[in-house]
Amino acid sequence: MSAAAERLGTTARMLRYREALGLVPPTKEQPTGRGHRHRRFSEDDLDAVSAGLELERAYGIPPTALAFALRVLAEPAILARIRSFGERVGRLAPAPARAMDFEKQKALRLLQGREQPRQGPPGPVPPGRR
């Protein structure tokens with residue numbers, strides 16, 4: 001890990017911290033079961049970690065903020081709560097109602113109506129319901 005950390009311009013400790021936060025691609029290596037395992041980083045792994053480091057520098061954020069941003073993107077329930085908060089404090093405009101969402105809801109209502117079994121033959125239509 002120290003050779004990879006040196007190539008990335010960070011420390012092995014910080015690399016392990018990033019790994020714990022989920023900012024390092026998971027290893028494909030099987031643990032040997034003998035003490036501390038030494039992880040081998042592929043070029044793709046180093047490129048991914050480097051991209052994370054660049055995002056942190058570009059936006060002036062700590063690794064925990066980047067880890068949380070990934071969590072928000074991966075978990076729709078958290079994304080919805082963050083969006084709602086952003087709307088409440090005026091940082092985000094309310095999401096526009098989409099025509100497709102309306103049509104989807106309409107189709108679901110129609111389908112639910114068809115799934116209910118009819119009870120007996122249709123009778124006369126009461127006055128005022130034509």
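Stop 1: Select Asp 44, Ala 58 and Tyr 59. These exposed residues sit on the face of helix 3 turned away from its buried side. Exposed means over 50% relative accessible area, buried means under 20%, and partly exposed lies in between (1.4 Å probe, protein chains only). Helices here are DSSP runs of H or I with at least four residues, strands are runs of E with at least two, and both are numbered from the N terminus.

A word on the model: it is predicted, so local features need pLDDT of at least 70, side-chain atom pairs count only at pLDDT 80 or more, and totals for chains, interfaces and linings use all residues. Residues are numbered from 1 along each chain as its sequence is written, and side-chain values use heavy atoms, with hydrogens and water left out.

Stop 2: Now select Asp 45, Leu 46, Val 49, Gly 52, Leu 53 and Glu 56. These residues of helix 3 are buried. They cover an arc of only 125° around the axis, which puts them on the same side of helix 3. The arc is that of the directions from the helix axis to the C-beta atoms.

What do the buried residues of helix 3 pack against? Show helix 1 (2-8), helix 2 (12-21) and helix 4 (63-74): those are the partners. Contact means heavy atoms within 4.5 Å.

**Stop 3: helix 3, end to end.** Select residues 43-59. At 1.5 Å a residue, these 17 residues of helix 3 should span 24 Å, and the end C-alpha atoms are 24 Å apart, which agrees. The expected span is 1.5 Å times one less than the number of residues. Step on to Gly 60. Just after helix 3, Gly 60 has a positive phi of about 60°.

**Stop 4: helix 2.** Select Ala 12, Leu 15 and Arg 18, which are buried in helix 2. They cover an arc of only 115° around the axis, which puts them on the same side of helix 2. Their cover includes helix 1, helix 3 and helix 4. Which exposed residues does the face turned away carry? Select Arg 13 and Ala 20. Then move to Gly 22, which follows helix 2 and has a positive phi, near 85°.

**Stop 5: the whole chain.** Zoom out. The protein chain has 6 helices and 0 strands. Of its 130 residues, 17% count as buried. The chain exposes about 11200 Å², with carbon and sulfur atoms supplying 56% of it (Shrake-Rupley method, 1.4 Å probe).
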